[in-house]
Amino acid sequence: MAKPRIKGWCPGAWQPMASGDGLLVRVRPFQGRLSRSQILALCDAAEDFGSGLIELTSRANLQLRGVTESTWPALMACLAAQDLLDPDPATERRRNVLLAPDWQPDDATDAAARLLLARLGELPELPGKVGFAIDAGPAPVLGGASADFRIERAASGALLVRADGHAQGTPVHSVAAAVALVLRLAHWFVDSGGRVSGRMRRHRAPLPPWAPAGTAPAAARGPLPLGAHPLGRLYGLPFGRVTAQVLRAAIEPKQVTGVRVTPWRRLLVEADCLSVPAPAGLLSDNRDARLGMDACPGAPHCEQASVATLDLAERLSGRIDGSVHLSGCSKGCARQAPATLCLTGRGGRFDLIRDGRADATPAATGLTESEVFAYLENIDAPRL
Ligand code: SF4
């Protein structure tokens, strides 16, 4: 296999992204689901060809860390053998489709996603981050997730196609009509200059007359809560990350049939009557602060890190009101947005940034872990 094409944004499996700890290889599960054998194979692949760390992204993709240029070809062969790989980079780029994780076989979400997949080749060349949300259950759940064109339901139960940035959408009579309208809107987006803005929510052109935005979606549901679910059980991933070993343990019970991905750092493990508590290393409490904190792998996983991040992130969990970002260096891979508290490693110690990104000017520098806690106590940390 040829060398990987390394890109600086929107990594995939065909186009991994270079990071401090090697290549990031992003896997887009078809229909947002992996069978039990696929997830077991992915756990093995994460250990054999990467660092063993698996991340769940905000677009519900799984990301293997620590892959090298020499292990990437074997990883790609493994993904292909497991039906986890698109046939080529262009198809992978286009298949930027997020599904409401609680779809049922042949319901509108499942059917629309399959139809869109079959018609992917009809999409125009879109900016790299443009994506689709198929969220046609009784009420939308993906409103907080990044997507440019959405298939949802109106309060009346009718299917609705909505362009991001617009509070209302266009009702349609069938799944086929919804997918056809999404495809037509994608072409309109490009033809009306959308490539310049890059995303639908930033695109200022008025919607075309054949896609009037006059019907509101049904009231949104929140993210699916951790714990029991009619399809199985939802587990949380601390900092959006899990080791292959822990994930393997979670799917060990024989009644597990598969895993569905979500954009909320939660995995829906499909199983009948799965009543076991969350395995060690996964979360079961919806209030757990680690569901929202950002921490890069740090040392020893990343050679650019001079500090370990994960232990300190654990110790800080629940102690700060606001967002927290732990970064092994000032590159800030885990979070681009400012955080209430950001700690970055430098020379084996921490720089502390308030209300900023990892590359912002620190309020304090060269702190040991205990000095970090002393600093936070002195400034009344919960109100940072
Ligand atoms: S931010 Fe973390 S993962 Fe990224 S290069 Fe720095 S230490 Fe490595």
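**Note on pockets, cavities, sheet and domains**

1. The largest pocket has a volume of about 1300 Å³. This is a predicted model. Lining the largest pocket are 43 residues. Nearest its centre lie Arg26, Thr57, Ser58, Cys333 and Ala334. Two or more lining residues come from each of strand E1 (17-19), strand E2 (22-27), strand E4 (53-56), strand E5 (62-67) and strand E16 (294-295). E1 gives the largest share, with three residues. By class, the lining of this pocket splits into 18 nonpolar, 13 polar and 12 charged residues.

2. Next, the domains. The chain is divided into three parts: domain 1 (17-84 + 225-271), domain 2 (103-202) and domain 3 (293-383). The C-alpha centres of domain 1 and domain 2 are 25 Å apart. Contact between these two domains involves nine residues of domain 1 and 13 residues of domain 2.

3. The second largest pocket holds about 240 Å³ of space. Where does the second largest pocket lie? It lies between domain 1 and domain 3, because both give residues to its lining. Among the lining residues are Leu53, Pro238, Phe239, His301 and Glu314. Strand E13 (241-243) supplies at least two residues of this lining, and so does helix H8 (310-316). The class count for the second largest pocket is six nonpolar, three polar and three charged residues.

4. Rolling a probe the size of a water molecule over the atoms shows where empty space is left. Across the whole structure, six cavities of 30 Å³ or more are found. The largest cavity has a volume of about 190 Å³. It has 18 lining residues, with Pro29, Gln31, Gly32, Val97 and Leu99 nearest its centre. E6 and H4 are the elements that give two or more residues to this lining. E6 gives the most, three residues. In the lining of the largest cavity, 12 residues are nonpolar, three are polar and three are charged.

5. Why is the largest cavity placed between domain 1 and domain 2? Both domain 1 and domain 2 give residues to its lining, so the cavity lies between them.

6. The second largest cavity contains about 130 Å³ of space. Its lining includes Ala90, Arg93 and Arg94, along with Leu123, Pro124 and Phe132. Helix H3 (residues 89-94) gives the most to this lining, with three residues. By class, the lining of the second largest cavity has seven nonpolar residues, one polar and three charged.

7. Five strands make an open sheet of mixed pairing, in the order E6-E7-E8-E9-E10. Strand E6 (97-99) and strand E10 (170-172) are the edge strands, each pairing on one side only. From one strand to the next, the twist averages 25°. Strand E9 (residues 159-163) pairs with E10 in the antiparallel sense, over three bridges. In that pair, Leu160 stands opposite Pro171 in E10.

8. Helix H5 (residues 175-191) lies across E7, E8, E9 and E10. H5 runs at about 155° to E8.

9. Strand E18 (residues 339-346) and strand E19 (residues 349-356) pair in the antiparallel sense, with seven bridges. Thr344 stands opposite Asp351 in E19. The hairpin of E18 and E19 has two residues between the strands, and Gly347 takes a positive phi near 60° there. E19 also pairs with strand E20 (residues 364-367), in the antiparallel sense over two bridges. Here Leu352 stands opposite Ala364 in E20.

Methods. Residues are numbered from 1 along each chain as its sequence is written. This is a predicted model: local features need pLDDT of at least 70, side-chain atom pairs count only at pLDDT 80 or more; totals for chains, interfaces and linings use all residues. Side-chain values use heavy atoms; hydrogens and water are left out. On a 1 Å grid over the protein atoms alone, a cavity is a set of points where a 1.4 Å probe fits but cannot get out, and a pocket is an open set with protein on both sides within 12 Å along at least five of seven lines; lining residues have an atom within 4 Å of a point. Grid points are joined across faces, edges and corners, and a volume is the space filled by probe spheres set on the points. Helices (H or I, at least four residues) and strands (E, at least two) are DSSP runs, numbered from the N terminus. Ala, Val, Leu, Ile, Met, Phe, Trp, Tyr, Cys and Pro count as nonpolar, Asp, Glu, Lys and Arg as charged, and the others, Gly among them, as polar. Domain bounds come from an automatic or database domain assignment. Two strands pair if DSSP finds at least two bridges between them. Axes are lines fitted to C-alpha atoms, for helices over the stretch in contact, and angles run from 0 to 180 degrees between N-to-C directions. Contact means heavy atoms within 4.5 Å.
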